[in-house]
Amino acid sequence: MDGSPLQEASIQFTSPKTGESAYANLDENGRYSITFPKADIGSAYEITITPPVVEEENAMALAEQAQNKSTMKIPAKYSDRTTSGLSARVEQAGTNEADFELKSK
C-alpha cells in the first residue's frame, strides 16, 4: 500500500469464467500463496483485497487476546472485484507471481 507491503489483509482470486475462487491471508511481508486445483490457464482472475479472513478455529483464540487495532485502512474499492481494478493472468500450471500496487487514496 503506497509503496509498502500490505499486512493484515486477505487477497482473493476469482475466475470470472468459472466462478472458482480462492484466498490467502497476507504474511507480515505482504506475501501470499494460493493453490487452485483446477486453474483456468491463460485466464485473467479478478482480485479483491480485504481485511484478513479469520478461520473459525482461530476465532476463539483471537477473541481471548488483546486486539491491536490495525492502522492500515484498505480502501473500499479493493473489496469488490468489479471495482478493484486488479487482475492477474494465470499463464502456466505451477508457480505464477502477481504483485499489486495499491493506493490508499
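Which residue's side chain meets that of Arg-89 in a salt bridge? I looked it up: Glu-91 does, at 4.0 Å from N to O. A salt bridge here is a side-chain nitrogen of Lys or Arg within 4 Å of a carboxyl oxygen of Asp or Glu.

**Ground rules.** I am working with a predicted model, where local features need pLDDT of at least 70, side-chain atom pairs count only at pLDDT 80 or more, and totals for chains, interfaces and linings use all residues. Residues are numbered from 1 along each chain as its sequence is written, and side-chain values use heavy atoms, with hydrogens and water left out.

**Salt bridges.** I searched the whole structure and found two. The other pair I noted is Arg-81 with Glu-46, with the closest N and O atoms 2.7 Å apart. Arg-81 sits in the loop between helix H1 (56-64) and E4, and Glu-46 in strand E3, so this pair ties together parts 35 residues apart in sequence.

I then checked exposure. Buried means under 20% relative accessible area, exposed over 50%, and partly exposed in between (1.4 Å probe, protein chains only). Arg-81 is partly exposed at 35%. Glu-46 is partly exposed at 23%. Arg-89 is partly exposed at 46%, while Glu-91 counts as exposed at 51%.

**Layout.** I counted one helix and four strands in the protein chain. From the N terminus they run β-β-β-α-β. Helices (H or I, at least four residues) and strands (E, at least two) are DSSP runs, numbered from the N terminus. Buried residues make up 25% of the 105 residues.

**Core.** I looked next at the largest nonpolar core, which has 17 residues. Such a core is a set of buried Ala, Val, Leu, Ile, Met, Phe, Trp, Tyr and Cys residues joined through side-chain atoms within 4.5 Å. Leu-6, Phe-13, Ile-47, Ile-49 and Leu-102 touch the most other members. Strands E1 (10-14) and E3 (44-50) are the elements that give two or more residues. E3 gives the most, with three. In soluble globular proteins, nonpolar side chains tend to be buried together.

**Ser-87.** Where does Ser-87 lie? I found Ser-87 in strand E4 (residues 87-89). Ser-87 is partly exposed, at 48%. Beyond its neighbours within four places, Ser-87 is in contact with Tyr-45, Ile-47 and Phe-100. Ser-87 and Ile-47 are 40 residues apart along the chain, but their C-alpha atoms are separated by 5.3 Å.

Key. Contact = heavy atoms within 4.5 Å.
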